[in-house]
Amino acid sequence: MGRKNTKKQKTGAPKEGNNPKRGQRDGQRGSRPGGGSRTHSESDTYTGKLEVTRSGMGFVVVEGLDVDILVRPNDFNSALHGDKVRVAANPGHEGRRMQGTVVGVVERKQNEFIGTLHMNKGFAFVVSDSEKKTPDIFVPEAHFNGAVDGDRVVARIKDWATGSGKRPIGEVVSVLSPEDRNDIAMKEILLENGFGLAFSDEVLEETARIPDVISEEEIAKRRDFRQILTFTIDPVDAKDFDDALSIRVLKNGNYEIGVHIADVGHYVAPDTALDTEAYQKATSVYLPDRVSPMLPEHISNVLCSLRPHEDKLTFSAVFEMTPKAQVKGYWLGKTVIHSDHRFTYEDVQEVIEKQQGHYEDELMLLNNMAQRLRKKRIENGAINFSSQEVRFKLDEKGKPIGIVVKESKEAHQLIEEFMLLANRYVAEHVSKIEVKKKPVPFAYRVHDLPSEEKMLPFMAFARKFGHKFDMSSPEKIAESFNKMLADVKGKPEQHVLETLGIRTMAKATYTTENVGHYGLGFDNYCHFTSPIRRYPDILVHRVLLSILQNDIEIDKKMDEKCKHCSERERAAMESERAGNKYKQVEYMLDFLGEEFDGVVSGVSAFGFWVETVEHKCEGMVPVTSLADYDEFRLVQEDYSLVGARSGKKFRMGDKVRIKVVAGSLEKRTLDYDWVLTPGDEEEAETRRAEKKGGSTKSARKRKKKGEEDEDF
């Protein structure tokens, strides 16, 4: 597995002080914060993210600075938690941190808030429910929109008052039903992470003006695949079908495999309100009971969705492949398709397992090719982590009534491998293009090498289970991972080693710096195949189209756009985790007092987390609840909590029995108690006796006497 950036061949993070950009600021004059001969009254302007604590104090996190900049509440200057801001800061000195004042808001994280309406004569205030201190929103009477005093509402900030008493001015967007607790919780999660609840009127008007009919003129510009067998494979509840596969036999005995992707760029033009709002969101968010789409439903589920038996505009990667899945050539360009069938993953899996069903020959051939592509990819250095997806069965009100654990099967891998193939070839094609001897700015999807700092403790832990790692090269590390993953399959330690192995990995991001994708084993990779739900794919489509048309426009803001998309992706992941956690708590509250088998999924100095085997619901056993048994300390290198006297150990991956004792929907937390085995009960009895002043020996005698009495 090759790597383009030879400077990153070493395993391990760069050392402090070796980064020439460290601590740079807006309009930097070249000196470090607090350095040189500058006076303490001088200040510099930085750009960063404002984080507000529960106490109301603010800190601006600036990339490259070792220490965050302190901002006091009176110096926020209309900035709110999560906003990207410019801050004027005085340099820290004599061990003190830098302090600053917000001088401008670059980008708002959130404009809508959930709160309670408090009415006065002719106006009202919306008091936010957020734990982060947020100014009350002033709402004129004309913008109550039917809300009455005491209603919980969604309010949108429209403007800010001027002068020393700056405050947000807004409007009521909607009134929330107090009975629908779940709906409010999901909306709060979206808003907290900067995802609006509705599209603006301007966006909806633009969407309504898009023609539903594809003109013959547009079709004439494209390669026509409407007579070639084409179908989609998606989850059973999907509505936004953004990819399809076509297949036909060529005269030379090879196959033409088309990967057809919804041509979102045809409908979403740059610099429109539709494009601007899609960019701000940058991704769809998938919560347990709803989707917060990046694009309006009419675009994502109707115009662009590759629905069966309808002509659709697509952007395609078409491959000539041998029956053994060797790529002999490829073509990239705009197309028009007509899907013949809509498969679910379950439909395709049934055909694969029974080897009979609709389009059986084509599906079996594609599956065989996909498995060959997968095998070759792993041989070339891709790391083969397995994945499980937990989904909730919900009633009509969104309450979870069951949990389904879905594993990646061959039907999923079929689609995955052909999407990976298209993404890789698009990135490789673009990577070869230069303008004035410089690479074209492009949104690569990259995944860097694991850091030595994370790898060393993991290797030591894996060694306890007999697994050795070769750290001599990135390829050897990947090879060691795959050997370990194959060896542990079906063993008790599989879950913990897979979980910890994933945690050693770097986070995949979008960037113009093409350092390859380590986890997939690709030198070139991008996201091309899901433009309905990911904005980076739209960026990729635009750059690729400009190259194919030989009319390349250099986007000087591409790196900034990549960073924004990476940030919004992380926010979406946080939203999805929070939504799942809420549903876990809601589900497990029906089982208070009941016991379940679980697996230790994490440890810390204040307790250990347990994931139930049956439900995959995670809760914490606090160390305070173990005080009667022993005093426990964290052993980081062993990923365990260890009793000081008993030697009792709770290590990641250990099987334990727990009781559900409490849950908080507001905090999205579950509390478990550890259920002691008979041997552990005796140990606990001894500890309690010791605390009361009795000896261990006498405690055991009392225990024995009690058992004898029970025999009578």
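A residue counts as buried when its relative accessible area is under 20%, and in this predicted model buried residues make up 48% of the 712 residues in the protein.

**Overall picture**

- Of the contacts in the protein with a separation of 6 or more, 65% are accounted for by residues 24 or more positions apart.
- The protein exposes about 36,100 Å², and carbon and sulfur atoms supply 47% of that area.

**Helix H8 against helix H9**

- Helix H8, which spans residues 360-379, packs against helix H9, residues 410-431, at an angle of about 65°, and the two axes lie 8 Å apart.
- Because angles of 65 to 115 degrees count as roughly perpendicular, H8 and H9 are described as roughly perpendicular to each other, and the crossing in which H8 passes H9 is left-handed.
- On the H8 side the contact is formed by Leu363, Leu366, Asn367, Met369, Ala370, Gln371, Leu373, Arg374 and Arg377, while H9 contributes Glu410, Gln413, Leu414, Glu416, Glu417, Phe418, Leu420 and Leu421.
- Sorted by class, the residues of this contact of H8 with H9 are nine nonpolar, three polar and five charged.

**Helix H7 against helix H8**

- Helix H7, residues 345-354, crosses H8 at roughly 90°, with the axes of the two helices coming within 10 Å, and H7 is therefore roughly perpendicular to H8.
- Val348, Val351 and Ile352 of H7 make this contact with Glu360, Leu363, Met364 and Asn367 of H8.
- The contact of H7 with H8 divides by class into five nonpolar residues, one polar residue and one charged residue.
- Leu363 and Asn367 of H8 take part in the contact with H7, and Leu363 and Asn367 are also listed among the H8 residues that meet H9.

- Leaving aside neighbours within four places in sequence, Phe231 is in contact with Ala244, Leu245, Ser339, His341, Phe343, Tyr359, Leu363 and Leu366.
- Among these partners of Phe231 are Leu363 and Leu366, which also belong to the set of H8 residues that meet H9.

Note on methods
Residues numbered from 1 in each chain as written. Predicted model: local features only at pLDDT ≥ 70, side-chain atom pairs only at ≥ 80, totals over all residues. Heavy atoms only, no water. Buried < 20%, exposed > 50% of the residue type's maximum accessible area, 1.4 Å probe, protein only. Contact = heavy atoms within 4.5 Å. Areas by Shrake-Rupley, 256 points an atom, 1.4 Å probe, with all protein chains shown as cover. Axes fitted to C-alpha atoms, helices over the stretch in contact; angles between N-to-C directions. Helix = DSSP H or I, 4+ residues; strand = E, 2+ residues; numbered from the N terminus. Parallel < 35°, antiparallel > 145°, perpendicular 65-115°, else oblique. Left-handed = near helix turned anticlockwise from the far one by under 90°. Nonpolar A, V, L, I, M, F, W, Y, C, P; charged D, E, K, R; others polar.
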